[in-house]
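Student: I'd like to learn how to read a structure like this one, feature by feature. Could you walk me through it?

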Amino acid sequence: MSGAAGMRLDRYVSQAAGLSRAAVRTLLRRGAVSVDGIVVKSADLHVPAGGRVELEGAVLALPGLRYFMLNKPLDVVCSTSDGGHLTVLGLLDEPRRELLHPVGRLDRDTTGLVLLTDDGQWSHGITAPRRHRDKVYCATLAEALAASAVERFAAGLMLKGEDRATLPARLEILAPTVARVTVQEGRYHQVKRMFAALGNHVTALHREAIGGVVLDPALAPGEYRALREDEVEALR
Ligand code: URA
């Protein structure tokens, strides 16, 4: 992965030296940073690919950013602190795994695709509400679905306690009590609450894909792998 190509100078120094952006800007003003041997004071300079960035004479290297997909099993929580439960981070056998975070959340009783990274900008680009990334789930329901559910998902549903309908969602009925759902938002317990709005109840929920990146069928529950570069880029 090219990684550093075109990255803003303040971000580059902040990531490479582990400093806040504010601290970096102070250093820049002091003339402590050079790019390819020339002192640069502007934070928004884009560091060219392969550019040599020095801080007080020492060459800086960006830590490699890491991107993974995990098949989350039942009873594992999507947070960084444990609160007594096994977390998705606990399933990763990686150095400095405390630097990684899950991209968005799945409920403890939801299984399937979870992305993990230490690239905060990348994960923000996926979860930011305005991005409307498709998220695909397979839901198993307590009651058989009526064909009219398809139009109701497409029209948008009012969720209990909210005053704004959901964005259009795609519902494919695969069997009387099994459906594939594609939503563009990530509201709290969204899929379960959408079926609750129809008077139904989700008994199992599994995430299959996010923004075109599909859970690798070779991953058993609890297994993970690094994302391929095309998968990372598809979500950028
Ligand atoms: N919708 C839910 O209700 N739960 C999840 O975990 C994800 C989407």
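Predicted model: local features only at pLDDT ≥ 70, side-chain atom pairs only at ≥ 80, totals over all residues.

Student: Fine. With which side chains does the side chain of Glu-185 make a polar contact?

Tutor: There are two to look at. The Glu-185 side chain pairs with that of Arg-187 at 3.0 Å, and it also makes a polar contact with the side chain of Gln-190 at 3.2 Å. Glu-185 itself lies in the loop that runs between strand S12 (178–183) and helix H5 (190–197).

Student: Is Glu-185 buried or exposed?

Tutor: The idea is to compare relative accessible area with a cut-off: buried means under 20%, exposed over 50%. Glu-185 has 12% relative accessibility, so it counts as buried. If you leave aside neighbours within four places in sequence, Glu-185 is in contact with Lys-135, Arg-164, Thr-166, Leu-167 and Gln-190.

Student: And Tyr-188, buried or exposed?

Tutor: Tyr-188 is also found in the loop between S12 and H5, but because its relative accessibility is 62%, it counts as exposed. For a sense of distance, take Tyr-188 and Lys-135: they are 53 residues apart along the chain, and their C-alpha atoms are separated by 14 Å.

Student: Let's move on to the helix. How do I read a helix for its buried side?

Tutor: An α-helix has 3.6 residues a turn, so residues three or four places apart point the same way. Now the case here: in H5, the buried residues are Gln-190, Val-191, Arg-193, Met-194 and Phe-195.

Student: What covers the buried residues of H5?

Tutor: The cover includes strand S10 (135–141), helix H4 (149–155), strand S11 (170–175), S12 and strand S13 (202–210). After H5 comes Gly-199, with a positive phi near 85 degrees.

Student: What should I make of a positive phi when the residue isn't glycine?

Tutor: Most residues other than glycine have a negative phi. That makes the exceptions worth a look. Glu-56 is one of them, with phi near 45 degrees. Glu-56 belongs to the loop between strand S5 (53–55) and strand S6 (58–59), and it counts as exposed because its relative accessibility is 61%. Asp-75 also has a positive phi, about 70 degrees, although it is not a glycine. You'll find Asp-75 in the loop between S7 and S8, and its 48% relative accessibility is why it counts as partly exposed.

Student: Now the ligand. Which residues surround it?

Tutor: For a ligand, you start with the shell, then check individual atom pairs. Here the shell is Leu-106, Asp-107, Thr-110, Tyr-137, His-189, Gln-190, Val-191, Lys-192 and Leu-205. H5 supplies the largest share of that shell, three residues.

Student: Where does the ligand sit?

Tutor: In the largest pocket.

Student: Back to burial. Is Asn-71 buried or exposed?

Tutor: Asn-71, in strand S7, is buried because its relative accessible area is 6%. Not counting residues up to four places away in sequence, Asn-71 touches several residues, including Gly-112, His-206, Leu-215 and Glu-223. Thr-87 is found between strand S7 (67–72) and strand S8 (101–102).

Student: How do I zoom out to the whole protein?

Tutor: Count elements and then look at totals. The protein has six helices and 15 strands, and buried residues make up 43% of its 236 residues. Among contacts with a separation of 6 or more, 63% are between residues 24 or more positions apart. As for the surface, the protein exposes about 12000 Å², with carbon and sulfur atoms supplying 53% of it.

Notes. Residues numbered from 1 in each chain as written. Heavy atoms only, no water. Helix = DSSP H or I, 4+ residues; strand = E, 2+ residues; numbered from the N terminus. Buried < 20%, exposed > 50% of the residue type's maximum accessible area, 1.4 Å probe, protein only. Polar contact = N/O pair within 3.5 Å; in protein donor to acceptor, adjacent residues only side chain to side chain. Contact = heavy atoms within 4.5 Å. Near = heavy atom within 4 Å. 1 Å grid on protein atoms, 1.4 Å probe; cavity = no way out; pocket = protein on both sides within 12 Å on 5 of 7 lines; lining within 4 Å. Sits in = over half its atoms within 2 Å of the grid points. Areas by Shrake-Rupley, 256 points an atom, 1.4 Å probe, with all protein chains shown as cover.
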